Amino acid sequence: MLDGACTLVYLYMEWLRQAHEEQDRDVVESVVPYVIGSMRKMTISIRPEAIPVMAGMLTASAIGLSPTLWRKQYGPWTEAEMNALEATLVLLADYINHLTNDETMAIRMIVDIMESMEQAGDAG
């Protein structure tokens, strides 16, 4: 499940990186502060020590590194990081949906990827 969540973070950040580059903007400069700033306001559900981990994971993803491989160098996930990871995914999806003015864009991206993988598997 953690690998799947990390894959979603990577896919969302890859899409956002490409979208920002088309407008000569930096995804790290735009997306990371939005996600981190939003999590800092979630004082009941997000523990402060998990926020730097999410900032690092987002930055790693933005420069093309696998979040799963990036995270492995710091040891196992902690309980505090689970809520932060979930919040990161929700905030990234919200950012994508807002950017595209489409409330279902983020979920459709994943469905499209899964369908294309399924079709590739059927063809092979």
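Which side chain meets that of Glu-21 in a salt bridge? In this predicted model, the partner is Arg-17, with a nitrogen-to-oxygen distance of 2.9 Å. Side chains of opposite charge can pair when their charged atoms come close. Both residues lie in helix H1 (residues 2-22), and because they are four residues apart, about one helical turn separates them. Glu-21 has a relative accessibility of 44% and is therefore classed as partly exposed.

In total, five salt bridges were counted in the model. Another of these is formed between the side chains of Arg-47 and Glu-49, where nitrogen and oxygen are 2.7 Å apart. The relative accessibility of Arg-47 is 48%, so this residue is partly exposed. Glu-49, at 43%, is likewise partly exposed.

A further salt bridge joins the side chains of Glu-81 and Arg-71, with an N to O distance of 2.7 Å. This pair links distant parts of the chain, since Glu-81 is located in helix H5 (residues 79-100) and Arg-71 in helix H4 (residues 67-72), the two being ten residues apart. Glu-81 and Arg-71 are both buried, a class that requires a relative accessible area under 20%. By contrast, Glu-21 is partly exposed at 44%.

Note on methods
Residues numbered from 1 in each chain as written. Predicted model: local features only at pLDDT ≥ 70, side-chain atom pairs only at ≥ 80, totals over all residues. Heavy atoms only, no water. Salt bridge = Lys/Arg side-chain N within 4 Å of Asp/Glu carboxyl O. Buried < 20%, exposed > 50% of the residue type's maximum accessible area, 1.4 Å probe, protein only.
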